[in-house]
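Thanks for coming, everyone. Let me put the model on screen, and then we'll go through its pockets.

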Amino acid sequence: MNGERGTARLTARGLVRRYGGIEAVAGVDLTAPAGRVTALIGPNGAGKSTLFDCLAGTARPDAGLVLLGGRDVTRLPVHERVRLGLARTFQQIAVFPRLSVAENVRVGAEQRPGTRRHREAGAAAERTARALAVLGLDALAAEPAGEQPTGVLRLVELARALAGEPRVLLLDEPAAGLDSAQTARLVTVLRGLADTGMALLLVEHDPDLVTELADTVYAMADGRMVATGPTATVLADPRVTRAWGGAEVTG
């Protein structure tokens, strides 16, 4: 799988998504390359969540293409994209509250694409254990997910995604609800994943975290990209500072 990550790349070309007469996403181009953390920023209503839905497969664009590792996946459903190595976390936490923390993570491990060997129970258990350890969730593995605070559930959701060993990872406000120690762990984990060759694309509202994590930033407003480039350049762009008041860049 590590060898495959070198070809990991998520690309949007001319994506359009309409709701009635409104273009929530209006001809967007975006690339999340392998081995890099790419951030998507913009005010509420900018179209970021709709764009994420089109990339992940929960929404079908009205025009344009979504490419995963060079393959056209525009019309593939979510589960097919998962099998090709695309994983996602959500702004609204989505866990199974009656399952334990480990059982929630195991759901992701059992969706991992690959050979029959990787679908066997022993391999899934190993991937679950690794993901729990990476996010520091070992001590909570047997605890009911529904009894955990928001910050822990954010990490559980991320661990579930990582247990599937994706090539491309979409993260929707992954630091929301985390305390300072959890945020520091998140930064370490995400940078480490990029170092393995994974492609990461995140929506994030905290400019300090964007500065610390992202190699490239796309700034979005009214369904369109208004600035793209290295993080420091985009956050200092007058079009960005006019729209969001500099440090008040929101996700």
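**Pockets and one valine**

The largest pocket holds about 420 Å³ of space. Volume here is the space filled by probe spheres set on grid points, joined across faces, edges and corners. A pocket is an open set of points on a 1 Å grid over the protein atoms alone, where a 1.4 Å probe fits, with protein on both sides within 12 Å along at least five of seven lines; lining residues have an atom within 4 Å of a point.

Now the caveats. This is a predicted model: local features need pLDDT of at least 70, side-chain atom pairs need 80 or more, and totals for chains, interfaces and linings use all residues. Residues are numbered from 1 along each chain as its sequence is written, and side-chain values use heavy atoms, without hydrogens or water.

Back to the largest pocket. Its lining has 22 residues; Val82, Ala87, Arg88, Gln111 and Arg160 lie nearest the centre. H3, strand S6 (86-88), helix H4 (101-109) and helix H6 (150-163) each give at least two lining residues. Helices (H or I, at least four residues) and strands (E, at least two) are DSSP runs, numbered from the N terminus.

Next, the second largest pocket. Its volume is about 220 Å³. Thirteen residues line that pocket, with Arg130, Ala131, Val134, Leu162 and Leu193 nearest its centre. Helix H5 (121-134), H6 and helix H7 (180-195) each supply at least two.

Last, valine 73. It sits in the loop between strand S5 (71-72) and helix H3 (78-83). Buried or exposed? Valine 73 counts as buried because its relative accessibility is 2%; the cut-off is under 20% relative accessible area, with a 1.4 Å probe and protein chains only.

Technical notes. Buried means under 20% relative accessible area, exposed over 50%, partly exposed in between (1.4 Å probe, protein chains only).
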